Amino acid sequence: MLASSRRCVVLTGAGISTESGIPDYRDQNGAWKRSPPMSYQEFMGSRAARQRYWARALIGWRQFRGVEPNRAHHALARFEQAGVVHTIITQNVDGLHQRAGSRNVIDLHGRIDLVECLVCKRLSARELMQTQLAEINPDWTALHAEMAPDGDALLEHADFASFELPDCEHCAGPLKPAVVFFGENVPRQIVASAYEAVRSSDLLLVAGSSLMVMSGHRFVREARTLGIPIGVINLGRTRADDEVDVKVEASCGATLQWLAAAVLSTEGE
């Protein structure tokens, strides 16, 4: 399928980044491994929730910012450079596809390395937020906890009421990571771009996603409606197992590395 494709669109999920050390959300049956991440409604609903989020993020970001692209990301970048993969639609917020060299990437759920003001909508670097958080909460910088999937940490039983939050330096509005939280809508223009990519593709390849949320599964349904072939690489079941043409139940890193070597070496002969 890949060898004959010239406009492959790849939809990636958390399973493609686990080899880089970023935890995923779900087990092989598609169930939550831990408590679901904070929802948009919870984050927006109270200052206490935002204190809890940013306190955990202060600790988790120290580990998250050190992760590197793995062989799956590099394999997809090679496919793009060879003209096989046209677009990557990623549900991840880690930016690892771009760091591996992929250029045409749609960040469906935003980027964790950016921060947005909820009032004036200005964007700033997450690293700047990290510096501000550390400066006004020096006692928290010595804490350690296990990294969570989206750049925060599994810090429990702490008194988050004492955690200080910086405000937007332009309008004093509250700050939020520039990612789509659970319960928040993906911006319409991003969805439209992703649909356009799928509709113009000749193959949809899903890598490392259980497709349990409609945010990603809708693109599989669209490809199926249009008769576009669909392949899946994922450890464990997915919501679309009965809708795809090929399912490879294996790690994304090993499989994509092997596919790149097999397909691209053949094309070069």
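**Entry 1. Overall fold**

I counted eight helices and nine strands in the protein. I note at the outset that the model is predicted. I then looked up the overall dimensions: the C-alpha atoms fill a box of roughly 60 × 35 × 35 Å along the principal axes. I compared the radius of gyration with the globule rule; a compact globule of 269 residues would have a value near 18 Å, and the protein has 19 Å, which agrees. I found that buried residues make up 52% of the 269 residues. Of the contacts with a separation of 6 or more, 71% are between residues 24 or more positions apart.

**Entry 2. Nonpolar cores**

I next asked which residues have the most contacts inside the largest nonpolar core. They are Phe43, Tyr53, Trp54, Ile112, Trp140 and Phe163, in a core of 33 residues. The elements that give two or more residues to this core are helix H2 (47-64), strand S4 (110-117), H5 and S6. H2 gives the most, with nine residues.

I followed Phe163 further. Not counting residues up to four places away in sequence, Phe163 touches Gln51, Trp54, Ala55, Leu58, Leu133, Asn137 and Trp140. A second, separate core has 23 residues, among them Val180, Tyr195, Ala197 and Ala240.

**Entry 3. Helix H2**

I examined the burial of H2 and found 13 of its 18 residues buried, so the helix is largely enclosed by the rest of the structure. I also checked its length: at 1.5 Å a residue, H2 should span 26 Å, and its end C-alpha atoms are 24 Å apart, which agrees. The helix has a kink of about 35 degrees, centred on Leu58. I had already recorded Leu58 among the residues that Phe163 touches.

**Entry 4. Helix H7 and Ser215**

The buried residues I listed in H7 are Ser215, Gly216, His217, Phe219, Val220, Glu222 and Ala223. What covers these buried residues includes strand S1 (8-12), helix H6 (188-199), S7 and strand S8 (230-233). After H7 comes Gly227, with a positive phi near 75 degrees.

Which residues is Ser215 in contact with, leaving aside its neighbours within four places in sequence? I found Leu108, His109 and Val186. With His109 there is also a polar contact of 2.7 Å, which joins the two side chains.

Ala172 is found in the loop between helix H5 (126-136) and strand S6 (175-179). Leu211 is placed in the loop between strand S7 (203-207) and H7.

Is each of these residues buried or exposed? Ala172 has 52% relative accessibility and counts as exposed, since the cut-off for that class is over 50%. Leu211, by contrast, has a relative accessible area of 0% and is buried.

Methods. Residues are numbered from 1 along each chain as its sequence is written. This is a predicted model: local features need pLDDT of at least 70, side-chain atom pairs count only at pLDDT 80 or more; totals for chains, interfaces and linings use all residues. Side-chain values use heavy atoms; hydrogens and water are left out. A polar contact is a pair of N or O atoms within 3.5 Å; within protein, one must be able to donate a hydrogen and the other to accept it, and residues adjacent in sequence count only if both atoms are side-chain atoms. Contact means heavy atoms within 4.5 Å. Helices (H or I, at least four residues) and strands (E, at least two) are DSSP runs, numbered from the N terminus. Buried means under 20% relative accessible area, exposed over 50%, partly exposed in between (1.4 Å probe, protein chains only). A nonpolar core is a set of buried Ala, Val, Leu, Ile, Met, Phe, Trp, Tyr and Cys residues joined through side-chain atoms within 4.5 Å. The expected span of a helix is 1.5 Å times one less than its number of residues. The bend at a residue is the angle between axes fitted to the seven residues ending there and the seven starting there. The radius of gyration is taken over C-alpha atoms; the globule rule is 2.2 Å times the number of residues to the power 0.38.
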